[in-house]
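Dear colleague,

Please find below the structure for your review.

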Amino acid sequence: MAVATTTVDSPEAAQRLAQAAVQARLAACVQVEAITSHYVWQGQQEAGAEWRLVFKTLPQAVDALAQWLHAAHPYDVPQWLVRTEQAAPAYAEWVAQQVDMKK
Amino acid sequence: MAVATTTVDSPEAAQRLAQAAVQARLAACVQVEAITSHYVWQGQQEAGAEWRLVFKTLPQAVDALAQWLHAAHPYDVPQWLVRTEQAAPAYAEWVAQQVDMKK
Amino acid sequence: MAVATTTVDSPEAAQRLAQAAVQARLAACVQVEAITSHYVWQGQQEAGAEWRLVFKTLPQAVDALAQWLHAAHPYDVPQWLVRTEQAAPAYAEWVAQQVDMKK
């Protein structure tokens, strides 16, 4: 199973992307959590509230999800990280039923 | 080191599972965090509060932990995802001391 | 891309470590999130609030980051876990610009 993550700067944007990804069957489920991000932007140290989205999907749907996400995301250069995890068989089956494998 | 995750729909269930896993020495530590899950259930788009449990354990204890978790979990098909991470030597040693390797 | 995690027992310590890691260019960005940890300490079952730090950096900077972290961290044996994730090209480029590769 593939687990992909991005971040946005409002809970509304997080909810909008999460709902759209599930509705488009690009991910079986999306989890949203509140975080604080520390980074440097244009030479200045910054800290701000963000919302992390965690997408659970099939490895074969990751490219379509990434392409959709970059078009829909409010940032120019969004965080986009993908890892592979082992899933329990029943859970993997549920994910496979949710995700549109023709994407 | 193995890192496994599941989700439940109440903080009480999260605490109960976390405590039981540590008490049974199936995991060295369990972290709980609040999330919002977006998914489709029986054709309907749903969003709801959940609590994610993150179990830190030894690779050789993952099967026993998964078996116990599926018996103890309130859902029919719980999320169950496992990934491998590299641990600092002193932290890996602490985990090895906490987990019962005969499980 | 490398993703490393630790935990501390106050939001002030989390902020201090996150800011210092970014300032030292050991990580491109650090995310902080509130969690509850369940574990056994000296034979007693414990649960307490902690803050998780998630460092995004280059694989070649992980050793320097780990060495710095262990010197700066308030715990004797901090959690230190590192995993590898695949990054989108533009995001990987941004991280590479933030992290000092001579570290």
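Between chain A and chain C there are two salt bridges. The model is a predicted one, and every value in this message was computed from it. One salt bridge pairs the side chains of C:Glu33 and A:Arg52, with 2.6 Å from N to O.

On the side of chain A that touches chain C, at least two residues each come from β2 (29-41), β3 (44-57) and β4 of chain A. Strand β2(A) gives the most to that side, namely nine residues. Sorted by class, the side of chain A that touches chain C has 10 nonpolar, seven polar and three charged residues.

The contact as a whole draws 20 residues from chain A and 24 residues from chain C. Together, chain A and chain C bury about 1,800 Å² between them, and carbon and sulfur atoms carry 53% of this area. Within chain A, the residues that lose the most area to chain C are A:His38, A:Gln45 and A:Leu81, which together account for 34% of what that side buries.

Interface of chain B and chain A

I turn next to the contact of chain B with chain A. Here 20 residues of chain B and 24 residues of chain A take part. The buried area between chain B and chain A is about 1,800 Å², with 53% of it from carbon and sulfur atoms. Of the area that chain B buries against chain A, 34% is supplied by B:His38, B:Gln45 and B:Leu81, more than any other three residues supply.

Two salt bridges are found across the interface of chain B and chain A. B:Arg52 forms a salt bridge with A:Glu33, and the closest N and O atoms of that pair are 2.6 Å apart. The side chains of A:Glu85 and B:Arg83 also meet in a salt bridge, at 3.1 Å from N to O. A:Glu85 is in the loop between β4 (81-84) and β5 (86-87) of chain A, while B:Arg83 is in strand β4 of chain B, so this pair joins two chains. Over all chains, the structure holds 12 salt bridges.

Strands β2 (29-41), β3 (44-57) and β4 (81-84) of chain B are the elements that give two or more residues to the side of chain B that touches chain A. The largest share of that side, nine residues, comes from β2(B). The side of chain B that touches chain A has 10 nonpolar, seven polar and three charged residues by class.

Helix packing within the chains

The remaining notes concern the helices, taken chain by chain.

In chain A, the axes of helix α1 (residues 11-23) and helix α2 (residues 62-72) come within 11 Å and cross at roughly 145°. The crossing of α1(A) and α2(A) is right-handed. On α1(A), the residues in contact are A:Arg16, A:Leu17, A:Ala20 and A:Ala21, and they meet A:Leu65, A:Trp68, A:Leu69 and A:Ala72 of α2(A). This contact of α1(A) with α2(A) is made of seven nonpolar, no polar and one charged residues.

In chain B, helix α1 (residues 11-23) and helix α2 (residues 62-72) have axes that come within 11 Å and cross at roughly 145°. α1(B) and α2(B) cross in a right-handed sense. Their contact is made by B:Arg16, B:Leu17, B:Ala20 and B:Ala21 from α1(B), and by B:Leu65, B:Trp68, B:Leu69 and B:Ala72 from α2(B). By class, the residues of this contact divide into seven nonpolar, no polar and one charged.

In chain C, the axes of helix α1 (residues 11-23) and helix α2 (residues 62-72) come within 11 Å, with a crossing at roughly 145°. The crossing of α1(C) and α2(C) is right-handed. α1(C) contributes C:Arg16, C:Leu17, C:Ala20 and C:Ala21 to the contact, and α2(C) contributes C:Leu65, C:Trp68, C:Leu69 and C:Ala72. Seven nonpolar, no polar and one charged residues form the contact of α1(C) with α2(C).

With kind regards

Methods: Residues are numbered from 1 along each chain as its sequence is written. Chains are lettered from A and ligands numbered from 1 in the order in which they are written. This is a predicted model: local features need pLDDT of at least 70, side-chain atom pairs count only at pLDDT 80 or more; totals for chains, interfaces and linings use all residues. Side-chain values use heavy atoms; hydrogens and water are left out. Axes are lines fitted to C-alpha atoms, for helices over the stretch in contact, and angles run from 0 to 180 degrees between N-to-C directions. Helices (H or I, at least four residues) and strands (E, at least two) are DSSP runs, numbered from the N terminus. A crossing is left-handed if the near helix is turned anticlockwise from the far one by less than a right angle, and right-handed if clockwise. Contact means heavy atoms within 4.5 Å. Ala, Val, Leu, Ile, Met, Phe, Trp, Tyr, Cys and Pro count as nonpolar, Asp, Glu, Lys and Arg as charged, and the others, Gly among them, as polar. Buried area is the accessible area (1.4 Å probe) that two parts lose on being put together, summed over both. A salt bridge is a side-chain nitrogen of Lys or Arg within 4 Å of a carboxyl oxygen of Asp or Glu.
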